[in-house]
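Trainee: I am new to this structure. Please show me how to read it.

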Amino acid sequence: MENETRTAIRHYIGRLCAPRRAARVLTYAAMSYPHFFCDFMLEREDSTAISHRPGPYGGLTIAGICGRMFPSQSSDLKEFQEALQILDDKRSLMSRILEFYTGKDWQPRVHAELTLLEALHDNGCKFFNDDKYIACSKPACFCCYHYICNHPGAFTRPPCHNKVYPNWQPPALAKSTGEVGALRQRDIMLRLTQEVRNAVMRKVLDTHKSMRWHPDSSTGITSLIAKEAAPGGPNDILTMPESSGTVSPQLLATSSSGEESEDGGVALD
Ligand SMILES: [Zn+2]
């Protein structure tokens, strides 16, 4: 059985067992903290209304994407653009992005932990033992994690599975937060966007570096000689990885849904 299939089966069995696990945790919690289960009230927090889909900004091109990600004088700009061009040549990157933006089933979503976070923050809720942890059925995605980390409410950092969801949407704020709330969220989003940008740049540029040409054999020169060569010297190329000349399967998978989860997330690690 393929590793991928085995992993998928294991994942779905785990999901099937999740309700049983949750019941066990709840029972355990009731035994450890019985006072939480006396005179309590459950409240439902409605999710944010779904916003309009952001369209592809006029004339979406590789040059346009790179122009928004890098300052014009950046030394990484040319290399990043070259890496994206290779992806486009091999896997039709740009038409896939456009197809994604125009897909009829695609719509922005707010993840549950952020809906709760803003509601708890706006209402000035008190936490038991001042532990500002928001429990969720699974680790936070990349964007939720950085939203929480950059939020001024000083919430506890959750575990993170490092996936990004292209349809991720920030939570709406209560009208009562007014301009202060809007500015607060703008600052969070600026820092979050920078985190996404940095992670994408690292992934694309690291992969691109491993794609550069190098000899496919060491022609009898031992690795010891290569290790002793001065960095950047004539033998430095011998220290490069053995397999190359093609786009990294990992990067291609990222752009071609190979790393996408069943719910559309893409791993950034
Ligand atoms: Zn999330």
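**Reading the model**

Mentor: Start with one residue. Leaving aside neighbours within four places in sequence, Leu 205 is in contact with Asp 76, Glu 79, Phe 80 and Ala 83. Two residues are in contact if their C-beta atoms, placed from the backbone, lie within 7 Å. Note that this is a predicted model: local features need pLDDT of at least 70, side-chain atom pairs count only at pLDDT 80 or more, and totals for chains, interfaces and linings use all residues. Residues are numbered from 1 along each chain as its sequence is written.

Trainee: Where is Leu 205 found?

Mentor: Leu 205 sits in helix α7 (residues 178-210). Helices (H or I, at least four residues) and strands (E, at least two) are DSSP runs, numbered from the N terminus. Leu 205 and Glu 82 are 123 residues apart in sequence, yet 9.6 Å apart in space, C-alpha to C-alpha.

Trainee: Why does Leu 205 count as partly exposed?

Mentor: Count C-beta atoms. A residue is buried if 20 or more other C-beta atoms lie within 10 Å of its own, exposed if 12 or fewer, and partly exposed in between; the C-beta atoms are placed from the backbone. Leu 205 counts as partly exposed because it has 15 C-beta neighbours inside 10 Å. Across the protein chain, buried residues make up 13% of the 269 residues.

Trainee: What is the mean pLDDT of the protein chain?

Mentor: First the term: pLDDT is the predictor's confidence in each residue, from 0 to 100. The mean for the protein chain is 78, and 76% of its residues reach 70 or more. Helix α6 (residues 142-149) has the highest confidence, at a mean of 97, and helix α9 (residues 249-255) the lowest, at 38. Over residues 220-260 the pLDDT is below 50; beyond near neighbours in sequence, this stretch has 47 contacts in the model. Where pLDDT is low, the predicted coordinates should not be read in detail.

Trainee: How many helices and strands are there in the protein chain?

Mentor: The secondary structure comes to 9 helices and 2 strands. From the N terminus on, the order is α-α-α-α-α-α-β-α-α-α-β. Of the contacts with a separation of 6 or more, 65% join residues 24 or more positions apart.

Trainee: How do I read two packed helices?

Mentor: Two packed helices are described by the angle between their axes and the distance between the axes. Axes are lines fitted to C-alpha atoms, for helices over the stretch in contact, and angles run from 0 to 180 degrees between N-to-C directions. Take helix α2 (residues 62-69) and helix α3 (residues 77-91): their axes come within 10 Å and cross at roughly 145°. Ile 62, Ala 63, Ile 65 and Cys 66 make the contact from α2; from α3 come Leu 77, Phe 80, Gln 81, Leu 84, Gln 85 and Asp 88.

Trainee: Which residues touch the most other members of the largest nonpolar core?

Mentor: In soluble globular proteins, nonpolar side chains tend to be buried together. A nonpolar core is a set of buried Ala, Val, Leu, Ile, Met, Phe, Trp, Tyr and Cys residues joined through C-beta atoms within 7 Å. The largest one here has 13 residues, and Ala 140, Cys 141, Cys 143, Cys 144, Tyr 145, Tyr 147 and Ile 148 touch the most other members. The elements that give two or more residues to this core are α5 (112-122) and α6. Its largest share, 6 residues, comes from α6. Apart from this core lies another, of 7 residues, among them Cys 66, Ala 83, Leu 87 and Val 204.

Trainee: What about the loop between α5 and α6?

Mentor: Look at phi. Most residues other than glycine have a negative phi. Asn 129, in the loop between α5 and α6, has a positive phi of about 60°. Asp 130 lies in the loop between α5 and α6 and has a positive phi of about 55°. Asn 129 counts as exposed because it has 6 C-beta neighbours inside 10 Å. Asp 130 is exposed, with 7 other C-beta atoms within 10 Å.

Trainee: Which residues does Ile 134 touch?

Mentor: Ile 134 is also placed in the loop between α5 and α6. Not counting residues up to four places away in sequence, Ile 134 touches Glu 113, Leu 116, Leu 117, Phe 155 and Pro 158. With 18 C-beta neighbours inside 10 Å, Ile 134 counts as partly exposed.
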